[in-house]
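Thanks for asking me to look this one over. Here are my notes, in numbered points, to read with the structure open beside you.

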Amino acid sequence: MVLAEVAVGSDHNPLLLNTDLSLNKVKKPFKFESFWTTEENCKQIVTSSWAQSVNGSDMFRLCKKLRGCKDKLKEWHKNNFEDLRLQIAAFKDRLAEIQKKTEVGFNSELYIEEKVVVTKLADLWQKDSMFWHQRSRVNWLRMGDENTRFFHLTTIQRRQRN
């Protein structure tokens, strides 16, 4: 925070810079992620949030249920998907370990584990792809039709591709 002190004996005001203040964290706005719909738990969270009983006017009940649903989805996302890239890396490392062990000789347990890891890895890649696809749509909606450089470059790129 910067404070301007009173000018005494001069036409210059001394400035004090206070660096001890903590910056207030700005909360990210809530966004429903499209890849959540691929999980059964998402449907259960939404259903349970809307099934809870709330007293009050129609608008108050709607707001309470929306807030409850949002809070539960944010918590669920934090516990399961916040480190999606890290999960992908961990499964890739585990797959490399399994494949290294199978080079020595065939093992049915390792074969089954490898198939499970490959399936989980494909699922995580799909979720990551859906995440970035949704972000690309957000950029298009935000900057796409405002006659900007972004709009013209994407139009030229699409024309060349076609």
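1. A word on terms before the details: helices (H or I, at least four residues) and strands (E, at least two) are DSSP runs, numbered from the N terminus. This is a predicted model, in which local features need pLDDT of at least 70 and side-chain atom pairs count only at pLDDT 80 or more, while totals for chains, interfaces and linings use all residues. Residues are numbered from 1 along each chain as its sequence is written, and side-chain values use heavy atoms, with hydrogens and water left out.

2. Let me begin with the surface. W50, M59, L62 and L66 make a nonpolar patch of about 380 Å². Patches are made of residues with over 30% relative accessible area and no salt bridge, with like charges joined within 9 Å and nonpolar side chains (Val, Leu, Ile, Met, Phe, Trp, Tyr) within 5 Å. The areas come from the Shrake-Rupley method with a 1.4 Å probe, and for residues only the protein chains shown count as cover. Helix 2 gives the largest share of the patch, three residues. W50 is found in helix 1 and counts as partly exposed, at 35% relative accessibility. Here buried means under 20% relative accessible area, exposed means over 50%, and partly exposed lies in between (1.4 Å probe, protein chains only).

3. Now the charged pairs. A salt bridge is a side-chain nitrogen of Lys or Arg within 4 Å of a carboxyl oxygen of Asp or Glu, and by this rule the count comes to six. One of them joins the side chains of E39 and K127, at 2.8 Å from N to O. This pair links distant parts of the chain, 88 residues apart: E39 sits in the loop between strand 2 (15-17) and helix 1 (40-51), and K127 in helix 4 (residues 108-143). E39 is partly exposed at 22%, whereas K127 is buried at 1%. Salt bridges that share partners also join E39, D123 and K127 into one network.

4. Two further bridges deserve a look. R61 and D58 meet at 3.1 Å, N to O; they are three residues apart in helix 2 (residues 58-80), so about one helical turn separates them. R61 is partly exposed at 30%, and D58 is exposed at 59%. The side chains of R85 and D128 meet at 3.3 Å, N to O. Because R85 lies in helix 3 (residues 84-104) and D128 in helix 4, this pair ties together parts that are 43 residues apart in sequence. R85 is exposed at 53%, but D128 is buried at 10%.

5. Which residues have the most contacts inside the largest nonpolar core? They are F35, W36, C42, L73, W76 and F81, in a core of 17 residues. Such a core is a set of buried Ala, Val, Leu, Ile, Met, Phe, Trp, Tyr and Cys residues joined through side-chain atoms within 4.5 Å. Helices 1, 2, 3 and 4 each supply at least two residues of this core, and the largest share, five residues, comes from helix 4. Leaving aside neighbours within four places in sequence, W76 is in contact (heavy atoms within 4.5 Å) with W36, E39, N41, C42, I45 and F81.

6. Finally, please look at I98, in helix 3. I98 is buried, with a relative accessible area of 0%. Not counting residues up to four places away in sequence, I98 touches L110, E113, E114 and V117. The C-alpha atoms of I98 and E114 are separated by 6.5 Å, with the two residues 16 apart along the chain.
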